[in-house]
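Please load the model in your viewer and keep the selection panel at hand. The tour moves from one selection to the next and says at each stop what is to be found there.

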Amino acid sequence: MIYEEISTGSRTRRTLTGAARVLFELNVDGPLVVGLALIAVYGLIVLYSASGQNVDTIVRTVVRLGLGTIAMLVLARVNPNFLRRTTPWLYAIGIILLFIVAAVGHIGMGAQRWLNLGIVRFQPSELMKLAVPMMCAWYLHERALPPSFVSLTLLGALILVPVGLVAVQPDLGTAALIAIAGALVIVMAGLQVRIMAIFAALAGIGAWFGWSFMHDYQRKRVLTFLDPQTDPLGAGYHIIQSQIAIGSGGVFGKGWMNGSQAQLEFLPERSTDFIFAVIGEEFGLLGLGLLLLLYMFVVGRSIFLAMQTQDTFARLLAGSLALTFFVYVFINAGMVTGLLPVVGVPLPLVSYGGTSVVTLLAGFGILMALYSHRKLVSS
Amino acid sequence: MPAGRIKDHWGEQRLFEMRALVAGTLMVLLTFTLLGRLFLLQVVHHEYYADLSQGNRVRTEPIPAARGLILDRNSEVIAGNQPAYQLELVPEEVPDLRGTLKALVALELIRAEDVDELMRTIKSRRTFDSVPIRLRMSDEDVARFAVRRFEFPGLDIKTRQTRFYPSAGLAVHALGYVGAISETDLERIDRAAYAGTTLIGKLGVESAYEPQLHGTNGFRELLVNAQGRSVERQGAFIPNLRTKAPASGDDVLLSIDLKVQRVAETALAGHRGAVVALDPNTGDVIALVSLPGFDPNMFGRGITAAEYSVLRDDVDKPLLNRAMRGTYPPGSTVKPVIALAALTYHMVDPEQRKYCAGSFHLPGSAHMFREYHNEHHGYVDLDDAIVRSCDVYFYGLANTIGVDRISTFMAPFGFGKPTGIDISGERPGLLPSRAWKAKAFTRAADQMWFPGETVNFGIGQGYLNVTPLQLAHYAGIMATRGKVWKPRLIAGLRDPQTGEIHRLPPVSGGDVTGVTPEDWARVVHGMIGVTTHGTAAAIGAKAPYPFAGKTGTAQVFTVAQNDRYNAKKLDERLRDHSWFIAFAPADAPRIAVAVIQENGGAGASAAAPIARKVLDAYLLGPDGKLKPAEAATQTFHDQPAPRAPEKIAQPLAPEATTQVPAPGTTTQPSAPDSTAQPPAVPPAEKPASTAVPPVPQVRSTSARQKQAA
């Protein structure tokens, strides 16, 4: 009996050890990959239902996941020192592309966000989601922390230029995410609490200032967030229908492909920004709880990996990537459940569409590279 | 790079770890906030959102019930249903209502002048109910809409049952019509019960029996998507939806005989007028004609404003139901009831012959009451006076009886009040009396009743006004010797599912009492005389059954005192109205009829031939012989019945005591005959009584007894 136990145990251990060796060779973190894979599979199951059983959507998403995985595997093998050295170039290219988009951007989704590269339509703002935190980490890498006032000013400029360019596209959601990714680097670098307080005050003023520059539809989103019932058929429709979807799902949900809100198209953008509500409707509180658990695992593991890295660039970038991922989840879930205003932020790895999946997995590739190459890092 | 600061790798590591710890804690807190929110939505308020979600996906679509048919007494369909295309609009699915309607105007599917009315109608309906905006579309209309359909969200062509009247305008004034549900209709119906119903009864039988004809609408639950489109399933799941089948409305069985109706309409065609025929034994209306009429199908398919104004502004007033709403002086047709009044009040000796010199003067007055066409009848008794329609005789008779007695006596015959027919819109006409005049006029000089007005009353002129229905009703009462049945168009209802017929019993209207059988017989004898050797002898000739009638001529234009009435010289519309009332067979009446032809001249020439055709159509079989009577028909024998104790007609009681016989008449109040009093009133009270006046008597009891024997 004891023998048997050991025997099965050893067989399992051998398999795991084999897999771990493969993963190690690939410079990939096993638990993180498993967490990401579980989320992606969960996402595909939900997407099949949310897209109205559209196989085409699934195929395209699988292709994007494949591309993202390739990007992750490639970036995981890149030496962080090389990555660090190329960061300014990456950032510069991103800025140039954003200017090009602003100038001759292709009109897609009612806003100028795309750059048509012939075969692929490319969103430079996606690149900036990685390039901006990388640039901030690169800048702080050689400097003493917490950052000085001069550094903060410079960092502010490094962040605000791309953020401004994205915001005028106009893509407020992505602009906010880029700003958050950059800001999180600075926060993790040990930004003093009093400076944070000052920035919070400045943000308040900025919000008031920004209000006067907002497009009408953006203002409407803010107003409808404050009271969705004021415009039940217009701007408030999204949030009301998504709350109906989640609320009617109850604890156990209506069952896969059985959510009337989603299936009968009452829920707008059901396969993209509002897919969280589809999960809530079809799989209930348990389904959402499971999803949040998976996300927390991925974020927790990422933070753990970030803490294991040994130089400033790696630490700050990895920390920022991990926290940004959480911010994505929280903003999307908060928006769909009515805690936050409706901003166009997709649910990471689950929402359909765009290059965001590739960017996300690329980010995790970088994070794994920073971790797996830690012994090679020289300061 | 700031000088003097060296990177502290260990310190930075600790700082980062500290921050990561704080961030981690923060993330856990935020996640719990999120879970709290989810708990609120999915557990606490689950029921609320589940209801909302159910309301989102399930739409209840009404299934209109088939409207009941309307059939005549021979089960011929007068009003049926026909499938037709109609354009329907769901208000909540139309983004720009006025713009959409304007676009439909451009497509010539609706008319510009109807847009405002349609807007009001649409706004008054529930936003998710389908509102018909154009009924009875032609194939061409359907095609014209179909190619542009994508431009009109919320609009759809539906096939619906609509009302169809196969005989077009036949009996339209009895039948009424159906039309689109208007705002005013919505105020009196249960909107939920009418969801899905397009048409509602507007007049006549269609309106009076609307609840029975309408039936009960059913419904069907549909699974709909966010665009409101019906879908088969949701995802992989086919939901369980409820359906309730509609229950068709009851078929209404009319008492009308369309064969007789057709004959009557054909006979009157080309003229303005009315014919009402009824079964005096039940009150069943056999024919109800008012000409000119109109085609009720126009309303069912959606009448245009132009069409409607043509109908409304026509000088011949086709929309007016003359049979029930046209009021005319009855002319000489009232003479039988005046005679009956005189006999009942014992104020005439029917055998006594009076001289008719062609005119009548009230004592002390120069005003001349003339005979029609200035005839001279010479010596006439009561029978002759009815047969030859002697005005002078009845001038005197009316003067003798007095207005209030005539009025009181005539009331139970249905004058001056609605007959109680089972469709609405009937007018009461006018039965004048002193009390009425005192109330009707404001100036003191007008409030007084003049003796001359009583004289005119005797030949049915002056204030007295009747509808053709009232006269037919009155003819029926004469036919049955006092039996009063409320006229009715609806004889029964039929359940369309089971075929079970629910017959409605005839409704009594309170019989005329107090008239002796021999008095009835005497007057009826006079009316038979009218058709054998009297004013209507020409049309009564060779009738295979005995029938009673009375001609009448109602003045439209007052001839000056020294002038003569000359029909040819008068404008057509100022000519006299021609009346004829009749019932047949005289000994066992099965039908009573009243005919008026407006501006037709004398009763005998215009109205009487029409009445004869109606009687023939109803009574004669295909062989030209009298059809055997149905079992229910009552038989009367016009031999004077054995003399019964005399009894004053019940309605005499309220007669005013102030009644004084007109000055100069030969009548004198005699001692009240105790047998002639209502038993309830003791003789001692009579002189002071306000209830019962002394009854003047011209005849001696012995004379009556002699005659009765």
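Begin with B:P292, which lies in the loop of chain B between β13 (285-291) and α11 (297-300). As this is a predicted model, the geometry at this stop is that of the prediction: the peptide bond joining B:L291 and B:P292 is cis, with omega about -5 degrees. A second stop of this kind is B:P585, in the loop that runs between β21 (577-584) and β22 (591-597) of chain B, where the bond from B:A584 to B:P585 is cis and omega is near -15 degrees. Both stops deserve a look at the backbone, because most peptide bonds are trans and most residues other than glycine have a negative phi.

The next two selections concern phi. Select B:E108 in the loop between α3 (97-106) and α4 (115-124) of chain B; this residue is not a glycine, yet its phi is positive, near 60 degrees. With a relative accessible area of 61%, B:E108 counts as exposed, because the cut-off for that class is over 50%. Then move to B:A168, placed in the loop between β5 (155-164) and α6 (172-175) of chain B, whose phi is also positive, at about 50 degrees, although B:A168 is not a glycine. Here the relative accessible area is 29%, and B:A168 is therefore partly exposed.

Now select B:W520, which has its place in helix α22 (residues 517-533) of chain B. Is B:W520 buried or exposed? Its relative accessible area is 4%, so B:W520 is buried. To see what surrounds the side chain, show the residues in contact with B:W520 beyond its neighbours within four places in sequence, namely B:L340, B:F413, B:I477, B:M478, B:R481, B:G482, B:V512 and B:V515. A distance to draw in the viewer is that between the C-alpha atoms of B:W520 and B:T480, which are 40 residues apart along the chain and separated by 9.5 Å.

Step back and select the whole of chain B, whose secondary structure comes to 25 helices and 22 strands. Of its 709 residues, 52% count as buried, and among the contacts in chain B with a separation of 6 or more, 75% are between residues 24 or more positions apart. If you display the surface, chain B has an accessible area of about 31,200 Å², with 56% of it belonging to carbon and sulfur atoms.

Where is the largest cavity, and which residues are the closest to its centre? Its lining has 14 residues, and the closest to its centre are A:L130, A:L321, A:Y328, A:L360 and A:G363. The volume of the largest cavity is about 150 Å³. In chain A, colour the helices α5 (124-141), α13 (312-337) and α14 (356-372), each of which supplies at least two residues of that lining. By residue type, the lining of the largest cavity divides into eight nonpolar, five polar and one charged.

Definitions and conventions. Residues are numbered from 1 along each chain as its sequence is written. Chains are lettered from A and ligands numbered from 1 in the order in which they are written. This is a predicted model: local features need pLDDT of at least 70, side-chain atom pairs count only at pLDDT 80 or more; totals for chains, interfaces and linings use all residues. Side-chain values use heavy atoms; hydrogens and water are left out. Helices (H or I, at least four residues) and strands (E, at least two) are DSSP runs, numbered from the N terminus. Buried means under 20% relative accessible area, exposed over 50%, partly exposed in between (1.4 Å probe, protein chains only). Contact means heavy atoms within 4.5 Å. On a 1 Å grid over the protein atoms alone, a cavity is a set of points where a 1.4 Å probe fits but cannot get out, and a pocket is an open set with protein on both sides within 12 Å along at least five of seven lines; lining residues have an atom within 4 Å of a point. Grid points are joined across faces, edges and corners, and a volume is the space filled by probe spheres set on the points. Ala, Val, Leu, Ile, Met, Phe, Trp, Tyr, Cys and Pro count as nonpolar, Asp, Glu, Lys and Arg as charged, and the others, Gly among them, as polar. Accessible areas come from the Shrake-Rupley method with a 1.4 Å probe; for residues, only the protein chains shown count as cover.
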